[in-house]
Amino acid sequence: TILVIGACGQLGFELTHALRQRYAADHVIAADVRRPQQPELQEAGPFELLDVLDRPRLEAIIDQYRPKQIYHLAALLSATAEKNPEFGWRLNMDGLLNVLDLAVKYKVAQVYWPSSIAVFGPDTPRQNTPQLTIMNPSTVYGISKLAGEQWCEWYHKNHGLDVRSLRYPGLISYKTLPGGGTTDYAVDIYHKAVAGQPYECFLQKDTYLPMMYMPDALKATLDLMHAPAEQIKIRSSYNLGAMSFSPAEITAAIQRHEPDFEVTYKPDSRQQIADSWPASIDDSRARQDWGWQPEFDLDKMTADMLLHLHQAEPQVAESR
Ligand code: VAH
């Protein structure tokens with residue numbers, strides 16, 4: 001069996017779906033601290049209510065299902081963690097430590113844990129940020145992700161745990177609503193365009209950030225997890241890239257389909273977070289070690305996002 005912790009989140013929801021398509025659906029256990037808004041999560045396979053900070057409950061679930069793989073995705077994202085630093089640190093850090101410790105205790109074959117470009121900080125080289133470089137994150141989220149990477153490397157070195165990780169750029173998808181990320185303007189903007197509403201962007205128009213379409217993120221995750229262990233040379237976390245764009249560029253890409261769509265700019269506290277992150281990523285190690293190759297660029301993603309959001313128009317509830 002496979003256990004997905006944080007299955008209701010932007011990545012968790014789609015990873016659970018992808019895993020249930022690839023394996024027998026009833027072998028993929030979806031777990032989250034809250035009941036899913038999307039009924040299919042608990043209709044298509046097993047669902048467990050789980051707070052990853054509740055270690056006895058986590059141990060009971062691992063003992064019951066004896067998963068071969070654990071995907072641990074539960075965390076507070078950058079903007080949310082910046083507003084709740086204590087809880088952000090506790091959930092992101094203690095949650096990971098609970099998973100790593102119990103994975104060793106129950107001999108779980110593989111663990112996946114997402115890191116982020118947020119591990120880089122204001123003094124990191126911003127263009128083509130290298131795999132190995134200066135890393136002084138200035139957000140609680142980034143600090144927790146950098147510490148998490150170090151713990152993953154420690155558990156691999158000291159317990160032989162096959163834990164693998166990717167430094168995701170901003171992820172864009174149409175199946176879930178944004179969950180407190182600084183890059184989530186790039187999700188919101190499509191919903192507004194499809195609803196025929198103007199969009200007020202919380203970042204400046206020329207703020208370049210590394211981004212990736214969800215299908216590419218899912219492909220990278222499954223390619224990484226299925227690569228032979230000897231190909232995985234980096235046990236902190238792999239840089240992963242696909243494209244970089246600014247709010248002005250994604251607006252122009254949308255306007256090629258929706259000519260009347262309008263965007264205004266009103267930067268808020270998330271601008272400082274975005275300014276501390278790279279503009280583009282050097283992911284040559286992922287390409288060398290396990291054959292990473294993205295498929296979606298801005299125009300291809302935009303066409304796909306707008307197509308699916310127009311199809312889903314009535315269902316996409318604005319509930320947060
Ligand atoms: C966030 N989407 O904005 C997440 C991600 C690189 C950004 O970590 O916090």
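User: How do strand 1 and strand 2 pair, and over how many bridges?
Analyst: In this predicted model, strand 1 (residues 2-5) runs parallel to strand 2 (residues 28-32), with four bridges between them.

User: Which residue is the bridge partner of Ile2 in strand 2?
Analyst: Val28.

User: What sheet are they part of, and in what order do the strands go?
Analyst: An open sheet of seven strands, ordered 3-2-1-4-5-6-10. The pairing is parallel.

User: Which are the edge strands?
Analyst: Strand 3 (47-49) and strand 10 (238-239). Each has pairing on one side only.

User: What does helix 1 touch there?
Analyst: Helix 1 (residues 10-22) packs on the sheet. Its contacts are strand 1, strand 2, strand 4 (69-72), strand 5 (110-116) and strand 6 (163-168). The direction of helix 1 makes about 170 degrees with that of strand 2.

User: And helix 6, where does that lie?
Analyst: Across strand 5 and strand 6. Helix 6 covers residues 140-159 and runs at about 150 degrees to strand 5.

User: Switching to the ligand. Which residues are around it?
Analyst: Leu77, Ser78, Ser116, Ile117, Tyr141, Tyr168, Pro169, Gly170, Gly181, Thr182, Thr183 and Trp277. By class, that shell holds six nonpolar residues, six polar and no charged.

User: Which polar atoms lie by the ligand's oxygen atoms?
Analyst: Ser78 places a polar side-chain atom 2.7 Å from a ligand oxygen. For Thr182 a polar backbone atom is involved, also 2.7 Å from an oxygen atom of the ligand.

User: What about a nitrogen atom of the ligand?
Analyst: Thr183 has a polar side-chain atom 3.0 Å from one.

User: How much of the ligand does the protein bury?
Analyst: The ligand exposes 270 Å² when taken alone, and the protein buries 96% of that.

User: In what sense do strand 9 and strand 11 pair?
Analyst: Antiparallel, over three bridges, with strand 9 spanning residues 209-213. Met211 stands opposite Met243 of strand 11.

Technical notes: Residues numbered from 1 in each chain as written. Predicted model: local features only at pLDDT ≥ 70, side-chain atom pairs only at ≥ 80, totals over all residues. Heavy atoms only, no water. Near = heavy atom within 4 Å. Polar contact = N/O pair within 3.5 Å; in protein donor to acceptor, adjacent residues only side chain to side chain. Areas by Shrake-Rupley, 256 points an atom, 1.4 Å probe, with all protein chains shown as cover. Nonpolar A, V, L, I, M, F, W, Y, C, P; charged D, E, K, R; others polar. Pairing = 2+ DSSP bridges. Helix = DSSP H or I, 4+ residues; strand = E, 2+ residues; numbered from the N terminus. Contact = heavy atoms within 4.5 Å. Axes fitted to C-alpha atoms, helices over the stretch in contact; angles between N-to-C directions.
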